[in-house]
Amino acid sequence: MTALSPDDTTSSELATGETTEAKSHRNRWLILATLGLAQLMVVLDATVVNIALPAAQLDLGFDNSNRSWVVTAYALAFGSLLLLGGRLSDLFGRRNTFLVGLVGFAVMSAVGGAAVNFGMLVAARAGQGVFGALLAPAALSLLATTFTDPKERAKAFGIFGAIAGGGGALGLLLGGILTEWATWRWSLYVNLFFAAFAFVAGFILLAKHEVDVRPRLDIPGTVTVSAALFAIVYGFAHAESDGWGDTVTIAFLVVGAALLAVFFGIQQRVEHPLLPLRIILDRTRAGSFLAVFITGAGMFAVFLFLTYYLQNTLGFTPISTGFAFMPMIGALIVTATLSTAIVLPRFGPRILMTGGLLIAALGMGLLTQIDVDSSYSTHILPGLIIMGLGLGATMAPAMQGAISGVDPDDSGVASATVNTMQQIGGSIGTALLSTIAATAATSYVTDNMATAASAQALAAHAEVASYTTTFWWATGIFLLGAAISAIVVKPGLLPAAPEGAVVVGH
């Protein structure tokens, strides 16, 4: 059973509060393991399918123009429905929403693994996104209400932040292993094991939730923001394939921005807003949301373009590519756990997020020096380790800062906003950096065609030029994030626990 907060408390639980607190205290690290496993499954699925895509394409017979929809369908559903998922966890209970999300995600994964055609696979990926939008906010808000002791809370968020930051790279490794040693279908079937363990543990450990008073759901706000986020994610995805000047791209981005403006207008007037503006008007939370957004956009350059470089230019296998990212994950885990346990309680989040993004920018800057014949140990490994140190120091404090001091009734939607920022940031990074990469490659070919030794050499150097250009842009993105964190985030320490939460006793 988990730590109590007002919306998770029944009269019988209040009567036996000491017993409930004792059980929560005893099980809190098992609860963290359960929530971490579920979060890992959701984050993994953003990348685990990437390496399996070529094999899936060969098996199901769809063309290159449709391939990106296997990834985009997940991002569209996940990104556009996260705020709704967060509010549903506040209305119907974090435990219930978490368990429903796990079951649905597992079912959709099984459908995707058994896909017999392209349409079935894309529909299953969209279904994964829908249930992921229920699951992810519930997991983060459960973490916030389970760990209310400041020191333990810092450790828990450090571990959870490391999972959120490093799960994408672990997905590349797992996808490579499953594709090489089994079949691409196991990159989806593997979720059944994650979901089964998390469901059983969650069912046993998490507190049951009974709702006496259920506020009305903000239907106009829900429809508006879901449509806005869908339009924005789709617009950026369309830009990747058809360019920024395409009429469809421009139309979706303009409509998305307009609907967002309408959404914020609605939130100021309705009695039960989907996203209470008090959540995002706090400077520390706003800065944390922006840091998560920028980190998501910048990290994409590492996962996507460095994967291409390692496999296409240096000849790494999918499995060896996944292992190549492990030093970055190790560094990320170290700083995520140590920074939140040692630095955050003493100095607050601003110094960590600002410094972490500066360090990440340094690591990314080192990767701009790669060439067609660079070696992993001297030209790639140092940058990956430094970047991992920086991202670990950024992600965990940002996730904690984004939901600290939030009323427990709003913790679900605050958690959803964190996930939304990371997802939308990654989607924007996908389109922006892919377009930049394509432009850079074309420019290199145009400028060096006359002096190239051969067409093959020209193509190889153009490809590397596209990667280094995106790495320079990602370096700038991280530097922008450091500046925003330094300016927006308030100095000082975070609130020790969500307002109104019952602190777990020792």
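**Figure 1. Right-handed crossing of helices α5 and α7 in the predicted model.** Helix α5 passes helix α7 in a right-handed crossing, a crossing being right-handed if the near helix is turned clockwise from the far one by less than a right angle, and left-handed if anticlockwise. By class, the contact between α5 and α7 comprises 20 nonpolar, seven polar and one charged residues; Ala, Val, Leu, Ile, Met, Phe, Trp, Tyr, Cys and Pro count as nonpolar, Asp, Glu, Lys and Arg as charged, and the others, Gly among them, as polar. The axes of α5 (residues 69-92) and α7 (residues 118-146) come within 7 Å and cross at roughly 35°. Axes are lines fitted to C-alpha atoms, for helices over the stretch in contact, with angles from 0 to 180 degrees between N-to-C directions. Helices (H or I, at least four residues) and strands (E, at least two) are DSSP runs, numbered from the N terminus. This is a predicted model, in which local features need pLDDT of at least 70 and side-chain atom pairs count only at pLDDT 80 or more, whereas totals for chains, interfaces and linings use all residues. Residues are numbered from 1 along each chain as its sequence is written, and side-chain values use heavy atoms, with hydrogens and water left out.

Figure 2. L83 is found in α5 and counts as buried because its relative accessibility is 6%; buried means under 20% relative accessible area, exposed over 50%, and partly exposed in between (1.4 Å probe, protein chains only). Leaving aside neighbours within four places in sequence, L83 is in contact (heavy atoms within 4.5 Å) with V225, L274, L275, V413, A416, T417 and T420. R87, also placed in α5, is buried, with a relative accessible area of 10%. With neighbours up to four places away again left aside, the contacts of R87 are L217, P273, L274, P276, D409, D410 and V413. L83 and S454 lie 371 residues apart in sequence and 52 Å apart in space, C-alpha to C-alpha.

Figure 3. T249 has its place in α11 (residues 247-267) and is buried, with a relative accessible area of 0%. Its side chain makes a polar contact with the side chain of H238 at 2.9 Å. A polar contact is a pair of N or O atoms within 3.5 Å; within protein, one must be able to donate a hydrogen and the other to accept it, and residues adjacent in sequence count only if both atoms are side-chain atoms. Not counting residues up to four places away in sequence, T249 touches G235, H238, A239, G243 and W244.

Figure 4. M395 belongs to helix α17 (residues 376-403) and counts as buried at 1% relative accessibility. The C-alpha atoms of M395 and T295, 100 residues apart along the chain, are separated by 7.7 Å. S443, in helix α18 (residues 411-448), is partly exposed, with a relative accessible area of 35%. Its C-alpha atom is separated by 8.3 Å from that of A462, 19 residues away along the chain.

**Figure 5. Confidence along the protein chain.** The mean pLDDT (the predictor's confidence in each residue, from 0 to 100) is 83, and 91% of residues reach 70 or more. Confidence is lowest in helix α1 (residues 11-15), at a mean of 43, and highest in helix α16 (residues 349-367), at 94. Over residues 1-18 pLDDT stays under 50, and the model has 47 contacts beyond four places in sequence for this stretch. Residues 498-506 also stay under 50, with 32 such contacts.
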